[in-house]
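Hello,

Here is the structure you asked for. My notes on its pockets and salt bridges follow below it.

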Amino acid sequence: MQRIDTLGGEYLALFSNGALTGEATTLIRGAAAKGAELIYGDALHVKEDGGEEPVFRPAYSPDTLLAYPYTGSLLVLSKRLYSRLQPDGREDADAVYALLLRAAAMQQEALHISHALFRGAPPPPCCSKRIVTAALKRWNRLGTVHEGLFIGSFDVRYGLTGRPLISVIVVNEGDISAVRRTLEAIERVNSYRPYELIVADGTIGDARTRAYYDALEQCGAARVVRLPGTENLPRLLNDAAKRAMGELLLFLDAGLMPENHDAMERLAEQVVQRGTAAAGGKIVDRKNQLLQAGLVLGLADLPVSLYAGRQDQITDPRQNYFTNCTRNVSAVQNAVMVHAERFQSLGGFDETFEVAAFAADLCLRLSRSHQKTVYTPYARFLDTGTAARRRALNRKNKDRCQDAFRQMRVHGDPMLSQNPLFLSSIEKSNRDDLFL
């Protein structure tokens, strides 16, 4: 433990197997001057060969924190807060993780410093599920904790109070075979009940399409919302959402198929949590390559899907931290579940986007109303290769994206590290090796 005197009083830096970097004290004092009582930062991990590996971290992400101790070995907190936590004096990795979760339950917020504050050995993986179980109780969340997809991560299963109706809205952009695959996969694979199926179609359908829709509606398998000839996708989806009866809305591109029987339930568990309004799952192709694992805003005019094109595997630790654990993200798309009441309170999707990025914009507007978006790898969807493809953006849509995401372009995505070294590495690697 190292004591740091600040204008805001005494602060305590807890860590083991390392030391504070030369600039850490100054940066911590600056954070304390802003009133932060719970602080963490980036790190330099010393490898066995003596080399150093930078570790970059996002802004405070409570759902990510429950999935694994992403803040690392160092925890800085005010003496006032520390005294309220009834610490046992230990500073090993598990003790720091448990202390952080207790502090987060009291503080509700933590400040991330986008610079390396700690230099030392990487902490051993935490495998104590009881630490997370205790945190759930403090956060008034009902759930059970299981081992995650990689060592040191946790899978939190939340209980659903009742069984909310889920309205699954599948958008058809001209491939009726893709629509059929999605609807049949939901009926075949999905174990969640109750749900309703709605097809949103803006095309001028041929006789085959009309016959298929007539058959769906006659047998009560699905309802069809038609706006023939519309090229405005958010308008089409908004119209379908207004006719939905579900408490939760799941927007799916045609051609996406749930791979696990509880994919819809895993999304619903997240959306019904207090403070969360939207959730999205992992999307892969037939070659097991990642297509989406949450989106990052601010790296380009359009949202970016990190690790897209890589194999979905658990052998790369850096990839695991982004794609293989439940985490807070700035946006999701293509397979998006949102609470219907919150969706309608914001006016639904912004129809000025016309073609693309309207789901990301919705997530951004939800965050401004203090509602989180969660990505979970435990809701996995397969893109069958002919899923609905977004049409090329027109100038109006591009300008709208630039306007909506301008703040992220300037200040960066808080769910991605804003460490200058990290941002520099993005440019050098052309975003081929991004990680948290």
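The lining of the largest pocket divides into 18 nonpolar, 16 polar and seven charged residues. Here Ala, Val, Leu, Ile, Met, Phe, Trp, Tyr, Cys and Pro count as nonpolar, Asp, Glu, Lys and Arg as charged, and the others, Gly among them, as polar. This is a predicted model: local features need pLDDT of at least 70, side-chain atom pairs count only at pLDDT 80 or more, and totals for chains, interfaces and linings use all residues. Residues are numbered from 1 along each chain as its sequence is written, and side-chain values use heavy atoms, with hydrogens and water left out.

The largest pocket holds about 1,200 Å³ of space. (A pocket is an open set of points on a 1 Å grid over the protein atoms alone, where a 1.4 Å probe fits, with protein on both sides within 12 Å along at least five of seven lines; lining residues have an atom within 4 Å of a point. Points are joined across faces, edges and corners, and the volume is the space filled by probe spheres set on them.) Its lining has 41 residues, and Pro-62, Gly-275, His-370, Gln-371 and Lys-372 lie nearest the centre. Helix H12 gives the largest share of that lining, four residues. (Helices, H or I of at least four residues, and strands, E of at least two, are DSSP runs numbered from the N terminus.)

The second largest pocket has about 830 Å³ of space. Its 35 lining residues include His-45, Pro-122, Pro-123, Pro-317 and Tyr-321, the closest to its centre. H10 supplies the largest share, four residues. This lining splits into 22 nonpolar, six polar and seven charged.

Now the salt bridges. The whole structure has 29 of them (a side-chain nitrogen of Lys or Arg within 4 Å of a carboxyl oxygen of Asp or Glu). One joins Arg-266 and Asp-155 at 2.5 Å, N to O. Arg-266 is in helix H9 and Asp-155 in strand S9, so the pair ties together parts 111 residues apart in sequence. Arg-266 is buried, at 6% relative accessibility, and Asp-155 is buried at 8%. (Buried means under 20% relative accessible area, exposed over 50%, partly exposed in between, with a 1.4 Å probe and protein chains only.)

Arg-157 pairs with Asp-262, with the closest N and O atoms 3.5 Å apart. These two are 105 residues apart. Asp-155, Arg-157, Asp-262, Arg-266 and Glu-269 are linked in a salt-bridge network.

Best wishes
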